[in-house]
Amino acid sequence: MPSKRILCPLCDRPKQRCLCPFITPTDNRTFTLILQHPDETAHAKNTGELLHRSLNHSQLLIGEQFNPAQLEAYLQQAVLLYPPTDGGPAANTPPPDQPKTLIIIDATWRKSHKMLFLNPTLAKLPRLSLSKEYSGNYRIRKAKNNWQLSTLEASCYALQQLETCEATYRPLLNHFDQFMDTLVGFDPNRSKPIN
Ligand SMILES: [Zn+2]
């Protein structure tokens with residue numbers, strides 16, 4: 001990164017891409033664990049970080065393969081936001097009780113698949129899939145499946161679904177639209193799906 005660029009002291013990003021105005025304190029009831037692939041960290045559209053900084057109850061771990069002991073603390077009554085895969089649990093396999101933790105993989109589809117393979121304890125978790133009615137921002141509605149929603153949107157929709165409380169997440173989703181507008185202003189590849 002060129003040293004001349006002025007970075008925001010709070011979010012460590014160039015001023016033009018500062019996340020801070022879009023951080024929206026959100027009182028989620030379901031603790032949210034965001035497992036972010038290292039490739040996403042430097043991404044301008046790092047929606048996983050915006051999500052983490054907005055949710056009152058969340059943790060962001062960066063990595064591809066996690067120490068099972070590190071994950072262990074989060075796995076009880078947890079659901080993984082992930083579509084069904086061969087050999088894995090079916091979609092919407094209900095956990096024994098209301099989930100306490102929602103686990104999100106913040107990565108491209110291909111890398112998320114690898115992360116599941118490298119972290120078998122995650123692959124075994126009950127899965128949550130988004131209901132069809134959630135379509136997201138018009139810029140990414142072209143996406144072929146839910147996976148292509150941004151991490152932030154997919155997570156908010158999953159939390160709304162789990163908590164049956166849409167209003168809690170609406171301010172964050174609204175701010176997220178503004179965040180996307182700001183990014184699109186700088187992004188020549190504006191028609192690309194946003195991860
Ligand atoms: Zn900032």
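Is Phe 31 buried, exposed or partly exposed? Phe 31 is partly exposed, at 25% relative accessible area, where buried means under 20%, exposed means over 50% and partly exposed is in between (1.4 Å probe, protein chains only). This is a predicted model, so local features need pLDDT of at least 70 and side-chain atom pairs count only at pLDDT 80 or more, while totals for chains, interfaces and linings use all residues. Residues are numbered from 1 along each chain as its sequence is written, and side-chain values use heavy atoms, with hydrogens and water left out.

**Aromatic pairs**
- Rings of Phe, Tyr and Trp (its six-membered ring) pair if their centres lie within 6.5 Å; planes under 30 degrees apart are stacked, over 60 edge-to-face, and the rest tilted.
- That rule gives four aromatic pairs here.

**Phe 31 and Tyr 74**
- The pair counts as stacked because the planes sit at 20°, with ring centres 5.9 Å apart.
- Phe 31 is in strand E1 (residues 31–36), and Tyr 74 is in the loop between helix H3 (68–72) and strand E3 (78–81), so this pair links distant parts of the chain, 43 residues apart (helices, H or I, have at least four residues and strands, E, at least two; both are DSSP runs numbered from the N terminus).
- Tyr 74 is buried, at 17% relative accessible area.

**Phe 176 and Phe 179**
- These two make a tilted pair, 6.2 Å centre to centre with 45° between the planes.
- Both sit in helix H7 (residues 170–186), three residues apart, so about one helical turn separates them.
- Phe 176 is buried at 1% relative accessible area, and Phe 179 is buried at 2%.
- Together with Phe 22, Phe 176 and Phe 179 form one aromatic cluster.
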